[in-house]
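Please open the structure in a viewer and keep the selection panel at hand.

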Amino acid sequence: MSHIVIDPEMCKACELCVSVCPKECIEQSDTLNRYGVFPMRMKDGAECTGCTLCATMCPDAAIEVYRTEKQKTE
Ligand code: SF4
Ligand code: SF4
């Protein structure tokens, strides 16, 4: 399964990534960051496809996408 990593200190909680994820993989965390907002994180058990829409959309480049080899070739 692919997954994403969101840098909590780079996220401004604009929720653009949440709005574009076709698998509803992203949720808000419950820990404030340096901006004084609750940054996004990947949900437990999320079925990320590695589509990269979230990372492409993020205006702060806070998201890294890690794809599995199997999904890379699909
Ligand atoms: S890579 Fe695609 S499926 Fe995975 S969290 Fe981002 S938008 Fe969602
Ligand atoms: S698009 Fe980027 S800055 Fe906006 S909520 Fe998602 S991770 Fe945070």
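For the composition of a ligand shell, Ala, Val, Leu, Ile, Met, Phe, Trp, Tyr, Cys and Pro count as nonpolar, Asp, Glu, Lys and Arg as charged, and the others, Gly among them, as polar. A residue belongs to such a shell if its C-beta atom, placed from the backbone, lies within 6 Å of the ligand. The model is a predicted one, in which local features need pLDDT of at least 70, side-chain atom pairs count only at pLDDT 80 or more, and totals for chains, interfaces and linings use all residues. Residues are numbered from 1 along each chain as its sequence is written, while chains are lettered from A and ligands numbered from 1 in the order in which they are written.

**The two ligands**

Select ligand 2 to begin. It is surrounded by 15 residues, of which C11, C14, L16, C17 and C58 are the closest. This shell comprises 12 nonpolar and 3 charged residues, with no polar ones.

Proceed to ligand 1, which has 14 residues around it; C21, C25, C48, C51 and C54 come nearest. Here the shell holds 10 nonpolar, 3 polar and 1 charged residues.

**The overall fold**

Now display the whole protein as a cartoon. It has 3 helices and 4 strands, where helices (H or I, at least four residues) and strands (E, at least two) are DSSP runs, numbered from the N terminus. From that terminus on, the order of the elements is β-α-β-β-α-β-α. The protein is as compact as a globular protein of its length, because its radius of gyration is 12 Å, close to the 11 Å that the globule rule gives for 74 residues. That radius is taken over C-alpha atoms, and the rule is 2.2 Å times the number of residues to the power 0.38. Along the principal axes, the C-alpha trace spans about 40 × 25 × 20 Å.

Select β1 next. Within β4, E64 is the bridge partner of V5.

Keep I6 selected. Beyond its neighbours within four places in sequence, I6 is in contact (C-beta atoms, placed from the backbone, within 7 Å) with C11, P39, M40, R41, M42, A62 and I63.

**Loop positions**

Select A13, in the loop between β1 (3–6) and α1. A13 is partly exposed, because 17 other C-beta atoms lie within 10 Å. Apart from neighbours within four places in sequence, its contacts are Q28, V37, F38, P39 and M40.

Move to E24, in the loop between α1 (16–20) and β2 (26–28). Its phi is near 50°, a positive value in a residue other than glycine. E24 is exposed, because 10 other C-beta atoms lie within 10 Å.

Finish at A61, in the loop between α2 (53–57) and β4 (63–66). A61 has a positive phi of about 50° although it is not a glycine.

Conventions: A residue is buried if 20 or more other C-beta atoms lie within 10 Å of its own, exposed if 12 or fewer, and partly exposed in between; C-beta atoms are placed from the backbone. Two residues are in contact if their C-beta atoms, placed from the backbone, lie within 7 Å. Two strands pair if DSSP finds at least two bridges between them.
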